[in-house]
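Visitor: I'd like to go through this one with you. Can we put it on the screen?

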Amino acid sequence: MDTTKISQFNLDNIISFETQFLNFTKEFFLSDFDDTDIVETESYQLFTDIDAKIINQMKSFILTILNSTTDGSQISEEFSDILPTTDQAVVSEWVKITYYAAVGNNEKFVESVKQLNLRELTADTIKQIIDYSLDMGLIIMARNLSEQGAMLHTENDELQKYHRILSPPKVIRKDLPPYPQAELNVRWLKENRATYQGQWVAIKEGILLASAPSARELVTKFECKKNSKILITRV
Amino acid sequence: MLKYQDDRPFSKGVISCSIRPIHPEINNRIFIQIEVEDFPIEAVLDTGGIYCVLHPVMAEQIGFDQSEAVGTHSQRIRGFSFDGNLFKAKLTIQAEEGSGLLQEVTVFVPDVTEDEWGDLPSFLGLTGCLEFIRFAIDPGNDQFFFSSIGDN
């Protein structure tokens, strides 16, 4: 292997191992190709055609370099965790998942995630995929992954939290007594819209308590409390 | 209350809604009075949206515990991308007539200042928030009819 390229792997500037790893391997294998002839997807296709065994060998080599430095041995633990297994198929899918998340290709991302067997993944890796899903707006996928992840990793507090927060809405009570006075606030907003348009107001049962040009100013001059029935809104 | 043809109730609660623009826009939106963690606010009904999305100053007043959040994620809201945190929170839809609802929903709290948030209000999205609530609007009488989908 060309060790000059390895030495360019700057330990001090590591922000994202996935991105660094992907960029490094793309550069390593595609340096013979004219960049103008390759679009992102084509270069990625070439990359995915590379035997995943080679990727694993590179990973081992990079880990060796990392473990030889004081900072690197800590970083290498995190790096090992990001590529969750030495199984060739999983490594290949993980690289795809990271790439498709980075370029915002929802369809391919979903396809790649479906190829994974979650039982083979660490809690941190499942969490990473959930994070990608959330950032891509794939809420239901994130929800399903968090549920499955929480079942597989009952000891992992973070995954349990993800599952709790992303789980579907739950009706706790459907028999709250009526509050007819709420209508008075709507009436006040209708009647006073022209006068207070754009202003933030605090109103209770149709009575104006305070107004201000911004929410910040309103809450600074008027103490807003829970259970007060004082509605804070912008007209 | 609204009913199905076979007399089963469609809604069990009704509340007045305010149909007005988000100033300074001119297109009307449907504002509903709700309570998040017992804190009364108004939120715009956004059936294309996800979660209950809170105005940052309102979220600050409610006082979410950051240790209860999951990560920092980005959310597209009305064409803009905002970073923020996700929490689970109580959401109450009061009824002026009939029965109100208390739910636990996912809430997005944007990590921005009021200036960065601009004129956007709070939002009530479908997925993660209203997805199990049956609702209907009567714009002629400014009314929002609702019930839980398990309610008949």
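Visitor: Where is Asn227(A) found?
Guide: Asn227(A) sits in the loop between helix H13 (215-221) and strand E4 (231-234) of chain A. Helices (H or I, at least four residues) and strands (E, at least two) are DSSP runs, numbered from the N terminus.

Visitor: Before we go on, what are the ground rules?
Guide: This is a predicted model, where local features need pLDDT of at least 70, side-chain atom pairs count only at pLDDT 80 or more, and totals for chains, interfaces and linings use all residues. Residues are numbered from 1 along each chain as its sequence is written, chains are lettered from A and ligands numbered from 1 in the order in which they are written, and side-chain values use heavy atoms, with hydrogens and water left out.

Visitor: Back to Asn227(A). Buried or exposed?
Guide: Asn227(A) is exposed, at 57% relative accessible area. The classes are buried under 20%, exposed over 50%, and partly exposed in between (1.4 Å probe, protein chains only). Its phi is positive, near 60°, and the residue is not a glycine.

Visitor: Which loop holds Asp38(B)?
Guide: The loop between E2 and E3 of chain B. Asp38(B) also has a positive phi, about 65°, without being a glycine.

Visitor: And what is the peptide bond from His23(B) to Pro24(B)?
Guide: That bond is cis, with omega near 10°. Pro24(B) lies in the loop between E1 and E2 of chain B.

Visitor: New topic. How many residues does each chain give to the contact?
Guide: Chain B gives 61 residues and chain A gives 50. Contact means heavy atoms within 4.5 Å.

Visitor: What area is buried between the chains?
Guide: About 4,700 Å², with 55% of that from carbon and sulfur atoms. Buried area is the accessible area (1.4 Å probe) that two parts lose on being put together, summed over both.

Visitor: How many salt bridges cross the interface?
Guide: Six, by the rule: a side-chain nitrogen of Lys or Arg within 4 Å of a carboxyl oxygen of Asp or Glu. Among them, Glu35(B) pairs with Lys229(A), with the closest N and O atoms 2.9 Å apart.

Visitor: Which element gives the most to the side of chain B that touches chain A?
Guide: E8(B), with seven residues.

Visitor: What does E8(B) pair with in chain A?
Guide: Strand E1 (residues 170-176) of chain A runs antiparallel to E8(B), joined by four bridges. Two strands pair if DSSP finds at least two bridges between them. Arg173(A) has Leu102(B) as its bridge partner in E8(B).
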